[in-house]
Amino acid sequence: MMFQEETIAAIATAVGEAGIGIVRVSGSRALACTLPLFRTPRGNILENPVPRHMYYGRIHHPDTEEPVDEVLLVYMKEPDTYTREDVVEIHCHGGSQSVRRLMALLLSRGIRSAEPGEFTKRAFLHGRLDLTQAEAVMDLIAAKTAKGHQAAMDQLEGYLSGKVRQLRQEMLSLLAEMEVSIDFAEEEDVEEATYEGLREKTQQLIRQLDRLIASAYTGKIVREGVKTVIVGKPNVGKSSLLNALLRESRAIVTDIPGTTRDAIEEQLNLRGIPMVLMDTAGIRETEDLVEQLGVERTRQLFQKADLVIMMLDASTPLSREDQEILAMIRDKKTLVLINKTDLPSRLEESSLPDWINRSQLLRLSLLEAEGLETLEEALMQLIFQGQYIENEKEMVTNIRHLQALETARTSLGDGCRALDDKLPLEFLQVDYQAAMDALGEIIGETLREDLVDYIFSHFCIGK
C-alpha cells in the first residue's frame, strides 16, 4: 500500500505555549530526512544513532546553516515502534514558531504531512494494534474522568478484543462441528447429538454476548458523559445548584428573576462520571427580547438532554409555570428538587403530577448546603437505574462495537431458532458465519477499507 512507501510527519503536541513541542516522523526515510538537519554540540552531523538514545543538538537550515532551534532527537528502529516503522521524534521548544519551522523543513525534504490519526492507522495496518485498541487511543486522549481513562486503558490493553477473539474462536469451532456433521449426515445418531450440542453451546455464546451488550449502557456514560439540564422558573435556585455541585461560584446568584439569560455549560466529575451540566434561563413569560431568546434555547436544550433536573420552590405553591415545565419533561429522565426547605413550606407534594415517584423527588436547602450528598447519590441512581457495572474490564464503550455485538446476537438467535426447527446444518452455517463477521468488524478483521478510513479520520493529527 502507498502508506508503506511514504514517510510522514506531524506535530504531536497541542497547539499553544509550552515547555516542549514534539514533531514525530514515521517511515522508511525518517532517519535519512532528519539527520542532515541535526548538528551535535560540536557542529557535526550525527551518524548511526543508537536506537532509543536521546541526542542533544541543534536543527540547522540545510541551505543557510542558520540554527532553527535547540532540540533533543531520538531514533526508534522498526519494528519495535508505535507504527512498526522507523520513527524519529524531535523535541524542540514549545510554542507555534519552533514546531512550524521544523515541520516546514521536513516537508521541504519530501516528507508528507500526516493525515488525522495516520500514525495509529499505520499501527493498526501493521498489526501492532487491533481496531478496538486503536480506537481506545483516542478515548484515552479524550477521557474526562478517572473512570473514563481506566475504561480506555482496559480497551487499549486488549481486554475487549481478547473477549471478541475468544467468542469468534468458539463460533469457528461450532462451524467446524457443523462441517463434520454434514460430511456424516447419513448417520442419525451423529446428527441428533450435533443439534443438541450446538443448541447448548449457542445459548452459552448468547449469554456472553448479552453480558457484553449490557455493559454498553455503563460504557456509554463513562465514555461520553451525561448531558444534564437544570430547569425551573426564575429565582428557584438553578444557579445556586450549579455552584453547589461544582463546589465553586460559576453562575451569578441574585434575588432578581431573569438574571440568567443564556445557558451556562460546565463539566462536572460526579463520582467518576462526566456530566455536562447546563444552568438555563428560567422559563416564564417575559417582554425582554434577550430573556425570550434564553427561554427558547432552554426549551431546545432539555429536549436533547439525557437527564433533567427540575427545580421547585418549597416556599411557594405549585405555579402555572411549574406545571407547564413539568408537562414538557414528562417523558425525560427527571429528578425533581424542592429547594428552599429552610423557609416555611407552601408546596404540597400532592399537587405534583402522578408520574413523579418518590425516587425522583428530593427536598433540600441550597442556602444551608443541606442534602448535597443525598442529591449526588440520587443522581447516580437515576443515571444508571441499577445498571451500573463496577470494575468491568470488558466494558463496551463504543456505539460501533455495540451495533456489531447486537448484529452477532441476532444472528445467533436466528441460528438457535433454526436448530429448534431442525433445519439443515448448511442453513445454520450462514447465521454463524454472519455472527463471526460481525464480531470481526469490532477488531478490524472483517471491516471495509472505507470504514477504516472514516474511523481514523476522527483522530487528532499527530496521533
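The following legends describe close-up views of a predicted model. Local features require pLDDT of at least 70 and side-chain atom pairs count only at pLDDT 80 or more, whereas totals for chains, interfaces and linings use all residues. Residues are numbered from 1 along each chain as its sequence is written, and side-chain values use heavy atoms, with hydrogens and water left out.

**View 1. An open sheet of six strands with mixed pairing.** The strand order is β9-β10-β8-β11-β12-β13; strands (E, at least two residues) and helices (H or I, at least four) are DSSP runs numbered from the N terminus, and two strands pair if DSSP finds at least two bridges between them. At the edges lie β9 (264-270) and β13 (361-363), each of which pairs on one side only. From one strand to the next, the twist averages 25 degrees; angles run from 0 to 180 degrees between N-to-C directions, and axes are lines fitted to C-alpha atoms, for helices over the stretch in contact.

**View 2. Strands β11 and β12, with helix α8 on the sheet.** Six bridges join β11 (residues 307-313) to β12 (residues 334-339) in the parallel sense. Methionine 310 is placed opposite valine 336 of β12. Helix α8 (residues 238-246) packs on the sheet, where it touches β8 (226-231), β9, β10 (273-279), β11 and β12; contact means heavy atoms within 4.5 Å. The direction of α8 makes about 40 degrees with that of β9.

**View 3. The buried residues of helix α14.** Within α14 (residues 449-457), Val452, Ile455 and Phe456 are buried, that is, under 20% relative accessible area (1.4 Å probe, protein chains only). These residues lie on the same side of α14 because they cover an arc of only 90 degrees around the axis, the arc being that of the directions from the helix axis to the C-beta atoms. Their cover includes α3 (118-125), α4 (131-142) and α12 (399-420).

**View 4. The crossing of α12 and α13.** The axes of α12 and α13 (residues 425-443) come within 8 Å and cross at roughly 165 degrees. The two helices are therefore roughly antiparallel, a term for angles over 145 degrees. Residues making the contact include Ala404, Ala408 and Leu412 of α12 and Leu428, Tyr432 and Ala435 of α13.

**View 5. Threonine 202 in helix α7.** Threonine 202 is located in α7 (residues 188-224) and counts as buried because its relative accessibility is 0%. Leaving aside neighbours within four places in sequence, threonine 202 is in contact with Leu174, Leu412, Cys416, Leu419 and Tyr432.

Terms used
Buried means under 20% relative accessible area, exposed over 50%, partly exposed in between (1.4 Å probe, protein chains only). Angles under 35 degrees count as roughly parallel, over 145 as roughly antiparallel, 65 to 115 as roughly perpendicular and the rest as oblique.
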